[in-house]
Amino acid sequence: MADRTPAPDTPELRARWGGFAWTPENKKIADWHIAKYPEGRQRSAVMPLLDLAQRQVGAETGTQGWLPLPVIEYVAKYLDMPVIRVLEVASFYFMYNLKPVGKFHVQVCGTTPCMLRGSDALFETCKKRGMVKGGISPDGLWTLTEVECMGNCATAPMVQINDDNYEDLTPERLDAVLDALAAGQQPKTGTQEPGRHTCEPLGGPTTLTAMVDANHDYRGEW
Amino acid sequence: MPKVTVDGVEIEVPAGATVLQACELAGKEIPRFCYHERLSIAGNCRMCLVEVKPGPPKPQASCALPATEGQEIRTDSPMVKKAREGVMEFLLINHPLDCPICDQGGECDLQDQAVAYGRGGSRFHENKRAVTEKYMGPLIKTIMTRCIHCTRCVRFSEEIAGVDEIGALYRGEDMQITTYLERAAAHELSANVIDLCPVGALTSRPYAFEARPWELKKTLSIDVSDAVGANITLHSKGREVMRALPRVNDDVNEEWLSDKGRFQVDGLTKRRLDRVWLRREGKLQPAEWNEAFAKIAAALEGDKASIAAVAGDLLDAETMFAAKALVNACGSNLTEARQTGMTYDVSNLAAVNFNSTFAGIETADAILIIGSNVRWEAALLNVRLRKAVKAGAKVFIIGPEWDPTYPATFLGSDLKILNRVPKQLGDVMKSAQRPAVILGAAALAKGALPAALKLVDKFGLVKDGWNGFNVLHISAARMASLMLGFTLPGGMGDIAAASPKVLLSLGADEMDYAPFAKSLKVYIGHHGDRGAHNADIILPGASYAEKDGTYVNTEGRVQFAEKAVFAPGDAREDWTILRALADVLGVTVGFDSFEELQAKMIAAVPALGEEGLADYGPLPKGDSSARFDGAIAGYPIKDFYLTNPIARASAVMQQCSDELLHGADVKEAAE
């Protein structure tokens with residue numbers, strides 16, 4: 001499991017992030033999130049606001065973004081709630097990065113279906129590029145994390161890079177995706193299997209075949 | 001009122017009760033870790049599983065399940081037994097087997113319940129989880145590997161104390177209880193989480209590795225660190241009080257205790273006056289009792305009546321009665337307990353009493369606090385006020401700002417504002433069903449009592465079954481001293497004006513000794529504090545832990561404390577010193593034993609003989625010409641942790657003061 005301790009509270013951290021405040025656009029979004037909840041229940045917006053803050057940090061640093069302690073404190077103050085309650089949320093969910101990450105946060109699924117379909121080879125591929133688990137690669141591009149099931153078992157193995165999923169991977173396909181990202185292009189997201197659209201069965205459906213072209217009532221056949 | 005069947009016995013339970021409470025009413029013991037009567041229901045330890053029909057065919061957490069009509073509950077079925085064994089086995093998977101070196105050993109819920117409901121063995125062969133220690137301040141020691149994540153401490157700090165500082169970080173197996181950035185838990189009730197912790201994860205830092213619960217002698221006592229009169233148990237080993245724990249008393253302290261009441265006890269062994277001291281050539285030097293007594297007698301030669309007594313804040317009623325008897329027998333009436341010089345009118349004690357009672361103030365719906373930092377002056381009362389606010393009460397405060405932990409409106413520190421009540425305050429108070437006013441020591445010092453009494457009619461504070469006029473004292477001895485008539489109309493000023501030849505200072509450490517430069521100052525007390533520094537003669541007395549005594553809290557609740565240990569060295573119980581002094585001075589005080597003294601005191605003030613609330617009768621009429629005047633510049637308590645001589649002598653309290661209030665660097669012993 002990934003190390004979830006927050007980045008240490010150092011004077012440098014305070015100096016860099018102590019002055020964090022919403023950009024005008026993000027302030028609008030933050031207030032829009034808060035307005036979804038009844039008066040006095042502004043705390044309910046803590047999760048979208050943390051995500052927003054993480055994205056703003058990401059935009060400022062050219063990475064996926066993370067949550068330095070002063071930023072967590074800023075969110076707590078913005079929502080008028082105790083900072084420990086915000087840290088509880090931030091440390092619970094894996095979508096919040098509590099330590100700096102690279103430009104691309106490569107989250108490789110290592111749970112059983114993906115492992116059976118070859119996720120070990122994906123880790124090798126990543127490591128060959130200088131990625132280290134939980135750290136930033138020397139070129140500043142990559143952070144590698146091993147994660148648990150992300151719900152794409154039908155198209156295993158998969159990785160999530162920032163906001164996008166890449167599925168049906170092999171080391172070569174992953175290399176192609178990473179090369180494209182490193183070159184500043186946006187590779188095709190989702191499945192990488194030629195001819196496959198999403199997670200439909202490979203080689204055509206084997207069940208409910210009568211449903212392929214039109215709706216079919218199977219109930220009489222039970 | 002639903003009827004349920006518990007193990008075949010049908011009982012009726014109050015509406016809204018949980019299955020756990022129903023089982024308890026039926027006399028069944030339900031093991032639990034996360035459930036606590038005074039905290040919200042979490043339902044996360046799963047130890048309280050029972051079988052309930054109708055319902056899913058699996059064990060249910062009884063703490064979070066409402067009892068409904070016709071439920072059949074079984075606490076003794078094989079399914080329940082197996083379920084509890086399973087839960088216990090899981091709880092113990094990551095719990096270290098370090099009971100022999102754990103301070104909770106012998107009073108540990110996990111230990112007890114593992115014996116009663118566990119399997120008796122573990123099938124877990126893998127490595128146990130280990131968690132790093134978390135710093136939580138000078139009072140709470142943490143060994144977080146032992147934590148079973150019941151979250152009682154988290155709920156206590158959020159709900160009861162109102163200072164959200166403990167939280168559960170991370171998740172699953174990695175969940176850890178900590179404060180933000182491991183800052184010290186800094187509020188007046190923080191150490192109650194030690195009692196709440198069902199395992200040895202949060203233990204008392206000052207008491208670490210000092211004693212085992214079974215070696216301790218338990219004595220019922222009363223906390224004297226403030227005027228709340230919290231019920232405590234003093235745990236002593238040999239001649240030393242090792243710790244103080246709260247006792248359950250729903251009328252006074254529920255089951256909490258302020259950090260000062262709990263941790264000042266180490267001061268009982270430090271800076272003690274354990275022998276007689278006599279000032280010779282400007283320096284205090286060791287002396288004998290006879291020498292000291294002879295000097296007092298010589299000072300009073302020919303003018304016995306020139307004697308006065310001032311009582312300190314920690315005194316029991318018996319000591320004050322004995323002192324008053326001695327002074328009166330000498331022909332003097334110079335006795336005063338309000339040592340800081342307050343002179344409010346005490347002809348009707350209802351006017352200087354906390355009439356709503358602590359339990360009653362919870363039901364108030366509008367509260368005006370005049371000149372009191374309740375958090376520091378009566379931390380346990382603030383818990384009640386917090387409950388009132390949660391139930392919808394509005395709170396207004398007059399005085400310099402402090403953090404009440406609940407929403408409150410500060411109306412400034414100028415008392416004159418009350419001469420013409422501001423609309424926002426008036427509207428709320430007049431429309432309230434149970435309005436209350438709390439007058440603090442800072443307001444009493446400004447002479448606000450007569451004007452405050454006018455508010456009784458203005459706000460309708462007295463209604464059928466409700467008296468909302470309250471005075472909050474800060475001295476444990478105050479109400480008893482007022483009941484004994486240990487006061488003069490002009491307060492300390494009258495005593496200074498009489499310039500007595502002998503001034504008996506009974507543990508009076510907060511008074512100003514400057515006006516008594518010509519008097520022979522005799523300090524009868526237990527700690528070498530301000531009073532002892534000014535004294536010409538020191539006669540060593542006993543602290544609250546070392547004598548039986550009667551205390552009256554600010555509600556007028558009479559309570560008895562018992563002697564836990566003997567006073568050190570030559571120190572004697574205070575009444576015996578005063579009795580001996582009577583002989584030397586050749587007067588009779590009419591008692592030769594503590595029983596006689598107590599009987600005489602009760603004969604003089606019958607209310608002191610009856611445990612419980614004293615009846616002071618109706619409130620006096622307010623003086624229509626009285627006006628509020630002056631501004632409250634500050635509260636009498638400048639440092640919560642150092643308010644009395646015992647606390648000032650306590651290393652733990654000094655550390656708390658340095659670290660929690662004055663932000664000194666954390667001093668940690670080299671390990």
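**From values to terms**

Mentor: In chain A of this predicted model, 60% of the contacts between residues at least 6 apart in sequence join residues at least 24 apart. Chain A holds eight helices and five strands, and its elements run α-α-α-α-α-β-α-α-β-β-β-α-β from the N terminus on. Of its 222 residues, 32% count as buried.

Trainee: Into which domains is chain A divided, and how far apart do their C-alpha centres lie?

Mentor: Domain 1 covers 11-92 and domain 2 covers 104-191. The C-alpha centres of these two domains of chain A lie 28 Å apart. The C-alpha trace of chain A spans about 65 × 45 × 30 Å along its principal axes.

Trainee: At what angle do the axes of helix α2 and helix α3 of chain A cross?

Mentor: The axes of α2(A), residues 24-34, and α3(A), residues 46-61, cross at roughly 170° and come within 10 Å. Angles over 145 degrees count as roughly antiparallel, and therefore α2(A) is roughly antiparallel to α3(A). On the α2(A) side the contact is made by A:Asn26, A:Ile29, A:Ala30 and A:His33, and on the α3(A) side by A:Pro48, A:Leu49, A:Leu52 and A:Gln56. By class, this contact has five nonpolar, three polar and no charged residues.

Trainee: What makes the arrangement of α3(A) and α5(A) roughly perpendicular?

Mentor: The axes of α3(A) and α5(A), the latter being residues 83-92, cross at roughly 70° and come within 11 Å. The range for roughly perpendicular is 65 to 115 degrees, so the term applies to α3(A) and α5(A). A:Val46, A:Met47 and A:Leu50 of α3(A) make the contact with A:Val86, A:Val89 and A:Ala90 of α5(A). The residues of this contact divide into six nonpolar, no polar and no charged.

Trainee: Why is B:Leu608 called buried?

Mentor: A residue is buried if 20 or more other C-beta atoms lie within 10 Å of its own. B:Leu608 has 23 C-beta neighbours inside 10 Å, and therefore counts as buried. Its place is in the loop between α19 and β29 (612-613) of chain B. Leaving aside residues up to four places away in sequence, B:Leu608 touches B:Ala317, B:Met483, B:Thr550, B:Val558, B:Met601 and B:Ile602.

Trainee: Is B:Arg46 buried or exposed?

Mentor: B:Arg46 has 20 C-beta neighbours inside 10 Å. The limit is 20 or more, so B:Arg46 counts as buried. This residue is found in the loop between α1 (19-25) and β3 of chain B, and has a positive phi of about 65° although it is not a glycine.

Trainee: Is A:Asp80 buried or exposed?

Mentor: A:Asp80 has 9 C-beta neighbours inside 10 Å. Residues with 12 or fewer are exposed, and A:Asp80 is therefore exposed. A:Asp80 lies in the loop between α4 (69-78) and α5 of chain A. Although it is not a glycine, A:Asp80 has a positive phi of about 55°.

Trainee: Which residues of helix α19 of chain B are buried, and how do you know that they line one face?

Mentor: In α19(B), residues 594-604, the buried residues are B:Leu597, B:Gln598 and B:Met601. Seen down the axis of α19(B), they fall within an arc of 95°, so they line one face of the helix. An α-helix has 3.6 residues a turn, so residues three or four places apart point the same way. The buried residues of α19(B) pack against α8 (317-329) and α18 (574-585) of chain B. Exposed residues B:Glu595 and B:Ala603 are carried on the face of α19(B) turned away from its buried side.

Trainee: What puts the buried residues of α21(B) on the same side?

Mentor: The buried residues of α21(B), residues 651-661, are B:Val652, B:Met653, B:Gln655, B:Cys656 and B:Leu660. They cover an arc of only 155° around the axis, and therefore lie on the same side of α21(B). What covers them includes α6 (259-263) and α20 (645-649) of chain B. Just after α21(B), B:Gly663 takes a positive phi of about 60°.

Terms used:
Residues are numbered from 1 along each chain as its sequence is written. Chains are lettered from A and ligands numbered from 1 in the order in which they are written. This is a predicted model: local features need pLDDT of at least 70, side-chain atom pairs count only at pLDDT 80 or more; totals for chains, interfaces and linings use all residues. Axes are lines fitted to C-alpha atoms, for helices over the stretch in contact, and angles run from 0 to 180 degrees between N-to-C directions. Helices (H or I, at least four residues) and strands (E, at least two) are DSSP runs, numbered from the N terminus. Angles under 35 degrees count as roughly parallel, over 145 as roughly antiparallel, 65 to 115 as roughly perpendicular and the rest as oblique. Two residues are in contact if their C-beta atoms, placed from the backbone, lie within 7 Å. Ala, Val, Leu, Ile, Met, Phe, Trp, Tyr, Cys and Pro count as nonpolar, Asp, Glu, Lys and Arg as charged, and the others, Gly among them, as polar. Domain bounds come from an automatic or database domain assignment. The arc is that of the directions from the helix axis to the C-beta atoms.
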